[in-house]
Amino acid sequence: MTAPWEIDDFLTTRNGHLAIDGIDAASLATEFGTPLFVYSQRRIQQNLDRILAIRSRIDCGLKICYAAKAMSTLGILRTVRAAGCDVEVNSGGELFKALKAGFSGEQIIFNGTSKEEWEIEMAIENAIYAIQVDSIFELEMIAAIARRLGRPANASLRLVPEIESNTHSGLQTALITSKFGMMPEEAFAAFARYNASPHVKLSGIHIHIGSQNPDPSVYTNAFYEIYNNIRQIYAETGYVCGHVNLGGGFPVNYLRDRSSANEMQLEQRQLFGAEYDPVEAIGTAWDEAVRRAKADGALHLLKDLTLLLEPGRSIIADAGICLTTVRNAKERPSAGGWNPTDTWLLTDAGFNVLLSMETYKWYYHLISAERATEPHNTPYKLAGPLCDGGDVYFDIEGKKRLPDYRFLPENVRPGEILALLNCGAYSLSQASQYNGRFLPPVVSIDASGQPKLIRRRDRLDDLINNEIQ
């Protein structure tokens with residue numbers, strides 16, 4: 001019988017074990033150690049193809065820019081580039097890595113609220129597609145740097161459209177209360193001022209409505225705001241925008257297996273279980289924009305437009321699995337619940353490699369990699385290895401944002417390999433060496449089913465590599 005968490009030709013079972021692209025997960029853990037991140041190039045390609053299919057629903061150009069912040073290991077960036085994707089970076093460091101991975105300047109867009117001069121210089125010198133400008137102050141700084149370098153800067157303006165979605169509060173990016181972007185009125189004035197500038201080429205506008213959006217209608221609202229803005233820019237300056245950037249935010253269904261869903265609040269179930277077709281979401285938004293443009297006699301504003309999207313989570317999240325080993329087990333009285341006694345399992349994967357599980361109370365489904373086909377109906381308290389009371393797989397505040405228990409086969413003991421699913425996004429990219437812990441290795445499985453180490457595990461010297469002794 002197929003388990004709800006299985007994905008055809010990707011996450012399956014073989015001889016009772018979890019198999020990733022046909023490779024035994026437990027054998028990978030034995031070979032490379034744990035914690036270990038394993039990524040499927042085939043799944044990345046499938047996820048990207050699903051988004052590229054938006055081309056079939058819109059009558060304009062489409063540029064997909066993978067959000068490098070989701071996972072920026074060079075091997076993954078190269079996989080994304082080979083899969084036919086461009087890239088969005090959020091710092092000079094990510095820009096450096098994107099260039100190192102083989103992306104050309106034309107394939108790169110650069111977000112960020114606090115860019116430094118050296119980062120802007122690197123962007124201009126590499127003639128990237130667009131620097132996404134966060135404020136009028138930053139625009140003036142970009143113009144001054146471009147003047148000094150004697151090279152024009154390609155730029156677009158990030159606006160705050162005041163659109164609220166039902167995602168996690170920390171993932172809201174389109175409200176006046178968020179830190180991102182400038183007011184539309186500022187953007188209109190900037191287009192009028194820089195329309196003929198030899199130093200800054202303003203080519204578009206950008207908004208981002210947040211991540212893991214559970215309701216596709218927010219894209220229709222966002223595109224409506226974009227359309228209103230490009231229409232007003234044209235009315236006030238005569239400038240026709242070359243591109244608009246709708247950001248990313250397509251959700252991943254973290255609750256394909258809903259065995260723990262009833263242990264969460266309704267809001268969390270809706271967030272983690274969100275799932276819809278990006279093609280239909282963006283296609284509907286485009287259709288509405290076209291309808292309004294026709295009514296306004298402004299179809300020419302959409303005719304030669306290029307639509308930019310910045311998916312990250314929806315490309316990489318379910319393509320990555322974290323394998324972890326149970327290192328310790330103990331019994332203690334229960335604080336309430338099903339049993340008078342709780343069995344605690346202590347793993348080697350804590351919030352040093354899965355930070356969102358603590359900061360956002362994010363849910364990653366957990367199974368036994370060695371007994372994947374056995375009934376997962378025994379409750380356990382799960383925790384990581386860190387010297388921190390918050391390093392647990394549940395919500396210590398008792399607000400039911402995460403399940404209190406994880407269900408695994410009976411009699412799990414130290415040495416058993418477990419697998420955290422759907423954790424390919426915002427895990428290793430946020431990881432730290434807290435408690436002197438090593439950053440983990442990464443294995444990538446190519447399209448032919450061959451595993452390759454693309455990041456080695458830290459060594460002791462890596463813990464003091466930048467320290468002056």
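Modeller: Happy to! A pocket here is an open set of grid points with protein on both sides within 12 Å along at least five of seven lines, and its volume is the space filled by probe spheres set on the points. Please keep in mind that this is a predicted model.

Let's look at the second largest pocket, which holds about 350 Å³ of space. Its lining is made up of M71, S72, T73, L74, F96, K97, L428, S429, L439, I454 and R455. Two elements, α4 (92-100) and β20 (451-455), each give at least two residues to that lining. Sorted by class, six of the lining residues are nonpolar, three are polar and two are charged.

Now for the charged pairs. Side chains of opposite charge can pair when their charged atoms come close. The model has 24 salt bridges. One of them joins R148 and E117, with N and O 3.7 Å apart. Because R148 belongs to helix α6 (residues 136-149) and E117 to helix α5 (residues 117-125), this pair ties together parts that are 31 residues apart in sequence. E117 has 44% relative accessibility, so it counts as partly exposed.

Another salt bridge links D348 and R327, whose closest N and O atoms are 2.9 Å apart. D348 sits in the loop between β14 (341-347) and α13 (356-359), while R327 is in strand β13 (residues 320-333), 21 residues away. The two partners contrast in setting: D348 is buried because its relative accessibility is 8%, whereas R327, at 52%, is exposed.

Technical notes: Residues are numbered from 1 along each chain as its sequence is written. This is a predicted model: local features need pLDDT of at least 70, side-chain atom pairs count only at pLDDT 80 or more; totals for chains, interfaces and linings use all residues. Side-chain values use heavy atoms; hydrogens and water are left out. On a 1 Å grid over the protein atoms alone, a cavity is a set of points where a 1.4 Å probe fits but cannot get out, and a pocket is an open set with protein on both sides within 12 Å along at least five of seven lines; lining residues have an atom within 4 Å of a point. Helices (H or I, at least four residues) and strands (E, at least two) are DSSP runs, numbered from the N terminus. Ala, Val, Leu, Ile, Met, Phe, Trp, Tyr, Cys and Pro count as nonpolar, Asp, Glu, Lys and Arg as charged, and the others, Gly among them, as polar. A salt bridge is a side-chain nitrogen of Lys or Arg within 4 Å of a carboxyl oxygen of Asp or Glu. Buried means under 20% relative accessible area, exposed over 50%, partly exposed in between (1.4 Å probe, protein chains only).
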